[in-house]
Amino acid sequence: MDRFFIFAEAEGGDSLSELAESFGLMVVQLEARELRMKAMVGELEEAGRRLREAQGRMAAENDGLRRQMTRLEVQIDQKGRAAAVAEIIESDFFVSLQARARAIRNREGA
């Protein structure tokens with residue numbers, strides 16, 4: 001590329017030297033663009049790496065939250081079951097059923 005600038009300086013101001021200088025400037029612009037593109041590609045690759053890392057962390061966090069949700073559902077089911085059992089054993093029907101069962105056991109045991 002330096003050859004174009006040397007040629008342009010040596011020839012003076014004619015059309016060919018102006019063309020060589022313009023061509024040299026275009027080459028410089030293309031090289032600058034290529035460097036910017038390489039830098040952007042590097043930045044995009046880094047951003048992609050960080051996104052993959054974040055995705056891995058989120059997947060692990062989601063797994064932990066799913067396990068925690070399952071434990072909470074089990075606890076809720078157990079509390080609901082305990083409440084249902086308490087409701088049943090405190091009902092008038094169950095109390096009278098227990099009394100009849102005791103009476104039968106007492107008659108059979110006596």
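Arg-49 counts as partly exposed because its relative accessibility is 33%; partly exposed lies between buried (under 20% relative accessible area) and exposed (over 50%), with a 1.4 Å probe and protein chains only. The model is predicted: local features need pLDDT of at least 70, side-chain atom pairs count only at pLDDT 80 or more, and totals for chains, interfaces and linings use all residues. Residues are numbered from 1 along each chain as its sequence is written, and side-chain values use heavy atoms, without hydrogens and water.

Arg-49 and Glu-46 both lie in helix α2, three residues apart, about one turn of the helix. Helices are DSSP runs (H or I, at least four residues), and strands are runs of E (at least two), numbered from the N terminus. The protein chain has three helices and zero strands.

A salt bridge places a side-chain nitrogen of Lys or Arg within 4 Å of a carboxyl oxygen of Asp or Glu. The count comes to five salt bridges, including those tabulated here.

| Salt bridge | N to O distance |
|---|---|
| Arg-49 and Glu-46 | 2.3 Å |
| Arg-50 and Glu-46 | 3.7 Å |
| Arg-66 and Asp-63 | 3.0 Å |

Salt bridges that share partners join Glu-46, Arg-49, Arg-50 and Glu-53 into one network. Arg-50 and Glu-46 are separated by about one helical turn because they are four residues apart in helix α2.

Of the 110 residues of the protein chain, 5% count as buried. In α2, the buried residues include Ser-17, Ala-20 and Gly-48.
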